[in-house]
Amino acid sequence: MSRERLGKRPYLIALGTACILTFFGGVALAANYLGNGYFPWSYIYWQFSGPTSDTGGSYITPARNGMATWSSKTDVDFAEVADGSWDVLVNVANYGGVNWTGHAYICNTANDCDNSTAWAYTYYWCEAQINSYWLSTNTQAQRQNTMTHEVGHCLSLGHRADSTSLMQDAQTSITTPNSTDISLVNARY
């Protein structure tokens, strides 16, 4: 082989590697979302519903702190309303001994709800359902983790295996999204 052809080989290898990493990076990035859907705006109205506190402490404070965290760390702005004009409802209720502490119930503009079709199109509203049955003995940080995590789903984030992520599929005392959580939200909004 000529010297010229050998000189181009590292460039072609680097280009091929970059293409493969970009493809798989995109696949990995897509796996961090519930689907392709999201709210068509970044100014999102939210409302709290349910008991503001119980013997374990406050529910409203962790909810407000969680919304303030998403607003301060991402390109999304949450504004609290009390008149029913919400995009995201944080609903604290006793759902009983079901196998979840929190659940994001998302509906799209075509009235598909709580399934992959709903997650694939423009969101109309999302209810972050918070199960007080399991939270009655939790710390305020754990309550905030659950609420902020479920609102992360309302922003179209999926579960992540990263133990530093607010979006990991386990309740922790993490109350702030990490840099990847923030980047994922900002990529959508």
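A salt bridge here is a side-chain nitrogen of Lys or Arg within 4 Å of a carboxyl oxygen of Asp or Glu. Glutamate 80 and arginine 64 form one, with their closest N and O atoms 3.0 Å apart. This pair links distant parts of the chain: glutamate 80 sits in strand S4 (residues 77-80) and arginine 64 in helix H2 (residues 60-73), 16 residues apart. Helices (H or I, at least four residues) and strands (E, at least two) are DSSP runs, numbered from the N terminus. Glutamate 80 is partly exposed, at 38% relative accessibility. Arginine 64 is partly exposed too, with a relative accessible area of 43%. The burial classes are set by relative accessible area: buried is under 20%, exposed is over 50%, and partly exposed lies in between (1.4 Å probe, protein chains only).

The model is predicted, so local features need pLDDT of at least 70 and side-chain atom pairs count only at pLDDT 80 or more, while totals for chains, interfaces and linings use all residues. Residues are numbered from 1 along each chain as its sequence is written, and side-chain values use heavy atoms, with hydrogens and water left out.

Return to the charged pairs. Side chains of opposite charge can pair when their charged atoms come close. The structure holds four salt bridges. One of them joins the side chains of arginine 143 and aspartate 54, at 2.8 Å from N to O. Arginine 143 lies in helix H5 and aspartate 54 in strand S2 (residues 53-54), so this bridge ties together parts that are 89 residues apart in sequence. What is the burial class of arginine 143? Arginine 143 is buried, with a relative accessible area of 0%. Aspartate 54 counts as partly exposed, at 28%.

Another bridge runs between arginine 160 and aspartate 162. Their closest N and O atoms are 3.6 Å apart. Arginine 160 is buried, with a relative accessible area of 12%. Aspartate 162 counts as partly exposed, at 27% relative accessibility.

Next come the disulfides. A disulfide is a pair of cysteine sulfur atoms within 2.5 Å. The structure holds two. Which cysteine does cysteine 107 join? Its partner is cysteine 113, with an S to S distance of 1.9 Å. The link of cysteine 107 and cysteine 113 is right-handed, with 115 degrees about the S-S bond. Cysteine 107 counts as buried, at 1% relative accessibility. Cysteine 113 is partly exposed, with a relative accessible area of 25%.

Cysteine 126 and cysteine 154 form a disulfide as well, their sulfur atoms 2.0 Å apart. Cysteine 126 lies in strand S7 (residues 123-131) and cysteine 154 in helix H5, so the pair ties together parts that are 28 residues apart in sequence. Is this disulfide left-handed or right-handed? The torsion about the S-S bond of cysteine 126 and cysteine 154 is about -60 degrees, so the disulfide is left-handed. Both cysteine 126 and cysteine 154 are buried. With the bonded cysteines of the protein chain numbered in sequence order, the pairing reads 1-2, 3-4.

Helix H5 also holds histidine 149. Histidine 149 is buried, with a relative accessible area of 7%. Which residues does histidine 149 touch, not counting residues up to four places away in sequence? They are His159, Leu166, Met167 and Gln168. Contact means heavy atoms within 4.5 Å.

Serine 156 has a positive phi of about 85 degrees although it is not a glycine. Serine 156 is placed in the loop between helix H5 (140-154) and helix H6 (179-188). Is serine 156 buried or exposed? Serine 156 is buried, with a relative accessible area of 0%.

Asparagine 111 is a residue other than glycine with a positive phi, near 65 degrees. Asparagine 111 is found in the loop between strand S6 (102-108) and helix H3 (116-120). Asparagine 111 is exposed, with a relative accessible area of 62%.
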